[in-house]
Amino acid sequence: MEVRKFFALVGKTIFIALVLAFFAIPVLWLVFAPFDKHPRLSVKLPEFTLDNFVALFNNPTALSSLGNSVILALGTMVLVLVLGSLASYSLSRVKIPGREILLYSLLLLSSIITGTAAMVPTFLMMVKLHLIDSQLGVVLVLGAGIMPTVIFILKDFMDSTPRSYEESARIYGAKPLRILWDVVIPLARPGLATIAVWAVVQVWGNFLIPYILLRSPGKSPAAVVMYTFYTEGGQPNLALISAFSLVFSFPVIAMYFFVNRRYGFRFHGGIKS
Amino acid sequence: MASITTTNLIKEYPGGVRGVDDLTVQINDGEFFALLGPSGCGKTTLLRTIAGLERSTGGTISIGDRDVTELDPGSRHVAMVFQDYALFPHMSVEENIAYPLKIQRVNKDSRLAKAAEVAKALTLDGLLKRRPGQLSGGQQQRVALGRAVASNPEVFLFDEPLSNLDARLRLDARTFLKRLQQELGVTTVFVTHDQAEALALADRIAIMRAGRIQQIGSPREVFHRPANIFVASFIGSVPMNLMQARVEGENVIVGLDSVPLPTSARGLALGGQDVTWGARPEYLSLHSEEHPNAIRGTVTVLENLGASVLVSLAVGSQLLQVVVDEGLEPEPGTLGWVTVDPRRTLLFDSEGTRIDSLADAAELTLTGTTSAW
């Protein structure tokens, strides 16, 4: 009996250790490799150096690509916040037949728009709209892709805003847009913050859409530019890539902490408070 | 300041349910008017239709001499206090009170001055910078009132504004509300399911049931002369005794005993007619010895009401309740004789309508004509 217990414990411990290693090793690589003189595709204690970062900051494409990522991320964020709050508010308040089905099918289809399946038609459409090699085009496609999810989550927040707030504003003569601005938006702020962060993360890490729609390297975001870091010998330039990866992941992590402190992440609607 | 008139007002929901059913009411200028009824009777629907939050399906609503039936809520010059107060949680007390003025594009200095003035009148000074979440229930309720007052409306609409307060605070708030309404003199419509609240506050009460008005009258009228059994059983802190009875000459037979015919029904009740005899427990007297013209019963339950005791007696298969002063209550199981003042009792016919020689009950129900009691 004792022996069986012991082996069960050993088995469990090994399993947990494996799972932990699976998640920890890439993170360890991300933390160690940028400071290593000769980074490899394995985790090892670094021979400490900051040369990789110096090389990165001397690479003009790398820095400007971070700027491009910011433009795309913020552009998409603003787009989905403005359109998403208008859409979710109206969908929350106006009863139309088949509303739930509409929302679910939009949610389902959205994964196709930004996915590989619709790549060719999306590309052709952007050609017709003369939005190839335009950051606006990327923002529109990415925004459209995540909009259903945005509406879906925001609608939940809007639904949980008691109607008597709006009714009392209506009694005093406020018009719908005014009510949205004065009452609904401030109350849905945690939801909007969640959406803002989520939208930025989605765009920040997206490779496919900007890779297809942008031609000139000067407009490409970091996720695409990273793909171009090769040495003269045709090998991936691990020194540059690892340093860039760390810098690349920093803004998202920082933003998460900022928003979490300011608003906290919570989801409404599950439990009646 | 304005009167409110609804004419044949109908609010029908999809599916044919009528929240308000062909309702004609005149609420006078400066009046404190209560809409009273059980939940689902349509009182809140009527209030919301007057406010414009619900569109009426038929009929008209006028405020003063303006027909507001088709107007937006914001153009009707009404202010409403909601059951949950609906204070904006992200705005301070000051901003909440000044919000109606912000919508009316009053400049910031004068609207904050107005908010401070209103807050002072409602004893909220010192709390102006707080958020609603930092206030007690009573303070929140006063902020909601303050916001209504600041908008300078022609009509106040209150949707159960006291129901979220605890019992003790509710009494204070009630007195406060009545004084405020008297000082401002603004026509006020007040929805409540609490008959004591309606009796205490209102100049006139409309008792509603299933979208229709059962009776309109002063608190005194609806208490003493309920138009029908529904009103009789709804009004009063202890329910009125309503007992199956039969008319025999100048007497009413209740159980095995006979009591004098109610004064109001004299000459109208027919011999042998099956009726419901109504008497408020407060107006009955209980005796421990046999009495002529009394109803005999066995004391079953005693309920302490504070300064008085509610005694329930079994009379045949029915129950008769009497309120007696403290210290005078009988022992359970003993016999008791209940005597009545015929001026304080009522008769209702088999349809539940009051049999009355002084004022026609049906007319009272339909037009709201008041009769001197």
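How many bridges join strand 3 of chain B to strand 9 of chain B, and in which sense do these strands run? In this predicted model, four bridges join strand 3 of chain B to strand 9 (residues 204–209) of chain B, and the two run parallel.

Strand 3 of chain B spans residues 32–36, and five of its five residues are buried. Burial applies to both faces of this strand: B:Phe32, B:Ala34 and B:Leu36 lie on one side, with B:Phe33 and B:Leu35 on the other. B:Phe33 stands opposite B:Val189 of strand 8 of chain B, while B:Ala34 has B:Ile205 in strand 9 of chain B as its bridge partner.

**Nonpolar cores**

The largest nonpolar core has 142 residues, and B:Leu35, B:Leu157, B:Val189 and B:Phe190 are those with the most contacts inside it. Helix 6 (residues 135–159) of chain A gives the most to this core, namely 12 residues. A second, separate core holds 15 residues, including A:Ala222, A:Leu238, A:Ala239 and A:Ala243. For B:Phe190, when neighbours within four places in sequence are left aside, the contacts are B:Phe32, B:Phe33, B:Ala34, B:Leu35, B:Phe158, B:Leu201 and B:Ala202.

**Chain B as a whole**

Chain B has nine helices and 21 strands. Its C-alpha atoms fill a box of roughly 75 × 45 × 40 Å along the principal axes. Of the 373 residues of chain B, 43% count as buried. Among contacts in chain B with a separation of 6 or more, 66% are between residues 24 or more positions apart.

The domain assignment divides chain B into domain 1 (4–229) and domain 2 (238–355). The centres of these two domains of chain B, taken over C-alpha atoms, are separated by 39 Å. Contact between the domains involves four residues of domain 1 of chain B and six residues of domain 2 of chain B. On the side of domain 1 of chain B that touches domain 2 of chain B, three residues are nonpolar, one is polar and none is charged.

**Contact between chains A and B**

The contact between the chains takes 13 residues from chain A and 18 residues from chain B. On the chain A side, helix 7 (163–171) and helix 8 (176–187) of chain A are the elements that give two or more residues. Helix 7 of chain A supplies the largest share of that side, six residues. By class, the side of chain A that touches chain B has eight nonpolar, three polar and two charged residues.

| Residue | Phi | Location in chain B |
|---|---|---|
| B:Asn8 | about 45° | strand 1 (residues 4–12) |

Note on methods: Residues numbered from 1 in each chain as written. Chains lettered and ligands numbered in written order. Predicted model: local features only at pLDDT ≥ 70, side-chain atom pairs only at ≥ 80, totals over all residues. Buried ≥ 20, exposed ≤ 12 C-beta atoms within 10 Å, placed from the backbone. Contact = placed C-beta atoms within 7 Å. Pairing = 2+ DSSP bridges. Domains from an automatic or database assignment. Nonpolar A, V, L, I, M, F, W, Y, C, P; charged D, E, K, R; others polar. Core = buried A, V, L, I, M, F, W, Y, C linked by C-beta atoms within 7 Å.
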